[in-house]
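Here is a short walk through one model, to be read with the sequence and the structure in view.

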Amino acid sequence: MRKTDKKLDNQICKTLTVVCETALEHIYGFQWLTHRVNYQRFPASLKIACVFSDESDLERIRMQHEDTSLRNLICDALADIGIQLAHPEEQIYFDSEEACEASHQGNWARRLG
């Protein structure tokens, strides 16, 4: 990773940490989020996973359109640091601890691959 990539990654991490703290306070069932990126194809390669406790939490946020609110929160925060997501509905996705446990025995590194 180049020095400029590392600086950008640190900036993304700080921004997403603020989003995470906000979501923890306001969205029931939200647990954590993470990102992965290939800086040679940035920003198109930026993917953000928002993790909830279980599948029922995911269903509830979709029914209440909190998934859209969380996507907007992430997009707005990234825009504040000059990052525009071309396809936020594809680059920001939702998952659950329950699904990871069922299909990957809780191994998030393998699941996020």
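**Layout and a helix pair**

Read from the N terminus on, the elements of the chain follow the order α-β-β-α-α-α-β-α-α. That makes six helices and three strands in the chain. The radius of gyration of the chain is 14 Å, close to the 13 Å that the globule rule gives for 113 residues, so the chain is as compact as a globular protein of that length. Along its principal axes, the C-alpha trace spans about 40 × 30 × 25 Å.

The model is predicted, and its confidence can be followed along the chain. The mean pLDDT of the chain is 96, with 100% of the residues at 70 or more. Confidence is highest in strand β2 (residues 47-52), at 98, and lowest in helix α6 (residues 108-112), where the mean is 94.

Helix α1 covers residues 3-26 and helix α3 covers residues 66-80; the two pack at an angle of about 150°, and their axes are 9 Å apart. Angles over 145 degrees count as roughly antiparallel, and α1 and α3 are therefore roughly antiparallel to each other. Their crossing is right-handed.

Which residues of α1 and α3 meet? From α1 come T15, L16, V19, T22, A23 and H26, and from α3 come E66, L70, L73, I74, A77 and L78. By type, the residues of this contact between α1 and α3 divide into eight nonpolar, three polar and one charged.

Notes. Residues numbered from 1 in each chain as written. Predicted model: local features only at pLDDT ≥ 70, side-chain atom pairs only at ≥ 80, totals over all residues. Heavy atoms only, no water. Axes fitted to C-alpha atoms, helices over the stretch in contact; angles between N-to-C directions. Helix = DSSP H or I, 4+ residues; strand = E, 2+ residues; numbered from the N terminus. Parallel < 35°, antiparallel > 145°, perpendicular 65-115°, else oblique. Left-handed = near helix turned anticlockwise from the far one by under 90°. Contact = heavy atoms within 4.5 Å. Nonpolar A, V, L, I, M, F, W, Y, C, P; charged D, E, K, R; others polar. pLDDT = per-residue confidence, 0-100. Rg over C-alpha atoms; globule rule 2.2 N^0.38 Å.
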